[in-house]
Amino acid sequence: MAKREKHAVTIYTRYERFWHWTQALLIFMLAFTGFGLHGTHDLLRFDQAVMLHTYAAIALIVLWIFTTFWNFTTGNWRQFMPTTKGLFAVIRYYAWGILFGADHPHKKTLRRKQNALQGLAYLTFMVLIGPALWITGIIYLLYDLWNEIPGAADALFVVAFLHTAAAFLMVTFVIIHIYMTTTGKTPTHYIKTMITGVECIELTEVERAYLAEDHPERLKE
């Protein structure tokens with residue numbers, strides 16, 4: 001096995017951080033306006049909530065489309081490929097190892113920033129929850145174009161139910177995600193990493209030489 005040493009590296013690029021925080025802002029805006037539309041709060045007028053919800057949804061869809069293109073053109077999609085390697089060790093860690101101060105079994109590398117559990121969660125987010133939200137949202141938004149089709153009212157009820165169910169899955173994902181950000185070396189360790197992009201990870205000599213030659217700005221030592 002190649003010798004590895006720890007180095008401080010910009011592991012998350014500027015675009016990844018922009019994508020992460022912009023997506024977070026839009027999801028919070030969608031949740032806030034969505035709960036307003038359902039009458040959970042009255043901090044916005046109904047028409048204001050509809051307008052902001054629609055604009056935030058369109059912005060998020062554009063962001064997802066562009067990010068999908070970016071992931072495939074940069075090869076970053078490999079980070080999200082599902083794997084069972086180390087999956088049960090990570091589950092065991094979060095089930096009880098974390099309670100007794102055990103070390104996290106996954107060590108981030110340039111090739112694999114996410115552990116197996118994170119990979120599965122993010123893949124579910126990107127190929128199931130996200131598309132379910134924007135497909136049902138678009139169908140809902142275009143109701144005026146198909147409201148004369150027989151059974152349209154019943155179909156709209158189903159679409160609204162699926163959209164709301166997907167929204168609650170998204171909210172659940174966000175709550176779990178926020179909790180997981182507090183499980184690092186300190187409660188704010190992962191948040192700082194997603195702001196600065198810098199993490200201390202193990203590099204092989206080849207990886208370090210590659211960064212020094214092609215991306216010296218990413219080495220923070």
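Is Ile-135 buried, exposed or partly exposed? In this predicted model, Ile-135 is partly exposed, with a relative accessible area of 42%, where buried means under 20%, exposed over 50% and partly exposed in between, using a 1.4 Å probe and protein chains only. Residues are numbered from 1 along each chain as its sequence is written. Because the model is predicted, local features need pLDDT of at least 70 and side-chain atom pairs count only at pLDDT 80 or more, while totals for chains, interfaces and linings use all residues, and side-chain values use heavy atoms, leaving out hydrogens and water.

Read from the N terminus, the elements follow the order β-α-α-α-α-α-α-α-β-α. The C-alpha trace spans about 65 × 40 × 35 Å along its principal axes. Of the 221 residues in the chain, 35% are buried.

A UniProt record, an unreviewed entry, places the feature "domain: Cytochrome b561 bacterial/Ni-hydrogenase" at residues 12-197; such annotations may be inferred rather than shown by experiment, and feature names are shortened, with positions given in the numbering used here. That span is 69% helix and 0% strand, and its end C-alpha atoms lie 4 Å apart.

Leu-60 touches Gln-23, Leu-26, Ile-27 and Leu-30, leaving aside residues up to four places away in sequence; contact here means heavy atoms within 4.5 Å.

The surface brings the account back to Ile-135. Together with Trp-134, Ile-138, Ile-139, Leu-141, Leu-142 and Leu-145, Ile-135 makes a nonpolar surface patch of about 640 Å². Patch residues have over 30% relative accessible area and no salt bridge, with nonpolar side chains (Val, Leu, Ile, Met, Phe, Trp, Tyr) joined within 5 Å and like charges within 9 Å; a salt bridge is a side-chain nitrogen of Lys or Arg within 4 Å of a carboxyl oxygen of Asp or Glu. Helix 4 (residues 116-141) gives the most to this patch, with five residues, and Ile-135 lies in helix 4.

Key: Accessible areas come from the Shrake-Rupley method with a 1.4 Å probe; for residues, only the protein chains shown count as cover. Helices (H or I, at least four residues) and strands (E, at least two) are DSSP runs, numbered from the N terminus.
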